[in-house]
Amino acid sequence: MRIAVAGAGITGRCIAWRLAEQGHHVDLFDPRPLDHTEGSSHGRSRIVRQAYPNPFWTRILRDGYRMWRDLELATDQQLVHECGLLYLGPEDHPDLSHGAEGLAECEVPFELLHLPALCERFPTMRWHEGEAAIFTPQAGWVNADRCRAAAMVAALRAGAKHQSQRLEVADNHDVTVWAVGPWAPQLFPELPLRITRQFAVYLQGTHTGPAWIEAASDYPYGFPNEPRLDTVKVALHSPGPVTLPEAEAVVEESIIARTIEAASHRLKHVEPNAVEVVPCLYTNALDDRFFVFWRNPRELVVAACSGHAFKFGPWLGAFVADIISGTQDLADWPQFSA
């Protein structure tokens, strides 16, 4: 089949890669430079993991996490820094109990750790009375820019063609896949989506050990030092100010202050000031859901949303390719319906 993929973020590139691998003629459209920073797929780090409070996502990532290895093999490079992940919070927080149940159900290796073990094993982190954490060793982080570039290499090696132009309407291709990220609300206003501006903060300091996510109202998360850097990245997962992709990224000082506070609360060896702030966009949907649906028999919409889609990139590529090839049926995935 001749297939057009609109949007060259991590999702669009992985879709083009997997479709081209299956032998389809694939054109990947995007008018922006390949390394642009206007969307949701840029930056130096993203967490990759299997642990989720909702076992629906854990079941997907049991396979999806391993698919990052497929991208490594396709491009002859290491992408995943497997340092493990701590999902932490009050020991009675439902995210911890539900997460542990889902991991056990999905047979994903994990440990449920309490305060004495946490203090001993993770000494660069601050621990507080009554806290616990789920540690999953098969997790870590990836450099988002390198992964985005690798996905393009994989797509081109598989035979996809990059078209440096905007795809305005479905044309003479047999199927068009719309994977336009934060531009989805403009093309598909019927979808209940809201674009927000997020800010990752880099602080001077050190953290050795795992990536981490905190079960708090604004869900702070952070990373160990990136190679050869003496800064540590921390951010908030809770939605930032509502915006549009083309709007100027105006830094919200209250968000930066709260992020610094969260970093100081959790990490022992960071300075309480921002040395770098990196904006990106979330495409938010209710319950952190994705939308994948046939708009008509020739147009498939893939709106992987809510600030957590990057880690699903290789899985979404394979999933969408199987949908188009007929080996998967969206009727079996009502969670993705519009």
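Predicted model: local features only at pLDDT ≥ 70, side-chain atom pairs only at ≥ 80, totals over all residues.

Analyst: Residues are numbered from 1 along each chain as its sequence is written, and side-chain values use heavy atoms, with hydrogens and water left out.

User: How many aromatic pairs does the structure hold?
Analyst: Rings of Phe, Tyr and Trp (its six-membered ring) pair if their centres lie within 6.5 Å; planes under 30 degrees apart count as stacked, over 60 as edge-to-face and the rest as tilted. By this criterion, the number of aromatic pairs in the structure is 19.

User: What is the geometry of the pair of Phe56 and Phe336?
Analyst: A pair of aromatic rings is described by the distance of the centres and the angle of the planes. Here the centres of Phe56 and Phe336 are 5.8 Å apart. Because the planes stand at 70 degrees, the pair is edge-to-face.

User: How many residues apart in sequence are the parts that the pair of Phe56 and Phe336 ties together?
Analyst: Helices (H or I, at least four residues) and strands (E, at least two) are DSSP runs, numbered from the N terminus. Phe56 belongs to helix 2 (residues 55-75), whereas Phe336 is in the segment after helix 8 (313-325). The pair therefore ties together parts whose separation in sequence is 280 residues.

User: Is Phe336 buried or exposed?
Analyst: Buried means under 20% relative accessible area, exposed over 50%, and partly exposed in between (1.4 Å probe, protein chains only). Phe56 has a relative accessible area of 11% and is buried. The relative accessible area of Phe336 is 0%, so Phe336 is buried.

User: What kind of aromatic pair do Trp333 and Phe336 form?
Analyst: Trp333 is buried, as is Phe336. Their rings lie 5.6 Å apart, centre to centre, with 5 degrees between the planes, and the pair is stacked.

User: Which residues do ring pairs link into a cluster with Phe56 and Phe336?
Analyst: The cluster includes Phe56, Phe336 and Trp333. Ring pairs also bring in Tyr52, Trp57, Phe290, Phe312, Trp315 and Phe319.

User: Over which ring does the charged end of Arg44 sit?
Analyst: A charge sits over a ring if NZ of Lys or CZ of Arg is within 6 Å of the ring centre and within 35 degrees of the ring normal. The charged end of Arg18 is placed in this way over Trp17, 4.0 Å from the ring centre. For Arg44, the charged end is 4.2 Å from the centre of the ring over which it sits, that of Tyr202.

User: At what angle do the axes of helix 2 and helix 5 cross?
Analyst: Axes are lines fitted to C-alpha atoms, for helices over the stretch in contact, and angles run from 0 to 180 degrees between N-to-C directions. The axes of helix 2 and helix 5 (residues 144-158) come within 9 Å. Their crossing angle is roughly 65 degrees.

User: How do the residues of the contact of helix 2 with helix 5 divide?
Analyst: Contact means heavy atoms within 4.5 Å. Helix 2 contributes Trp68, Leu71, Ala74 and Thr75, which meet Cys147, Ala150, Ala151, Val153, Ala154 and Arg157 of helix 5. Ala, Val, Leu, Ile, Met, Phe, Trp, Tyr, Cys and Pro count as nonpolar, Asp, Glu, Lys and Arg as charged, and the others, Gly among them, as polar. The residues of this contact divide into 8 nonpolar, 1 polar and 1 charged.

User: What does Gly43 touch?
Analyst: Gly43 lies in the loop between strand 2 (25-29) and strand 3 (46-48). Gly43 is buried, with a relative accessible area of 11%. Not counting residues up to four places away in sequence, Gly43 touches Asn143, Ala144 and Asp145.

User: What is phi of Asp288?
Analyst: Asp288 lies in the loop between strand 15 (270-284) and strand 16 (291-296). With a relative accessible area of 34%, Asp288 is partly exposed. Phi of Asp288 has a positive value in a residue other than glycine, near 60 degrees.

User: Which residues does Ile255 touch?
Analyst: Ile255 is found in helix 7 (residues 253-266). The relative accessible area of Ile255 is 19%, so Ile255 is buried. Leaving out residues up to four places away in sequence, Ile255 touches Phe199, Leu236, Gly240 and Pro241.
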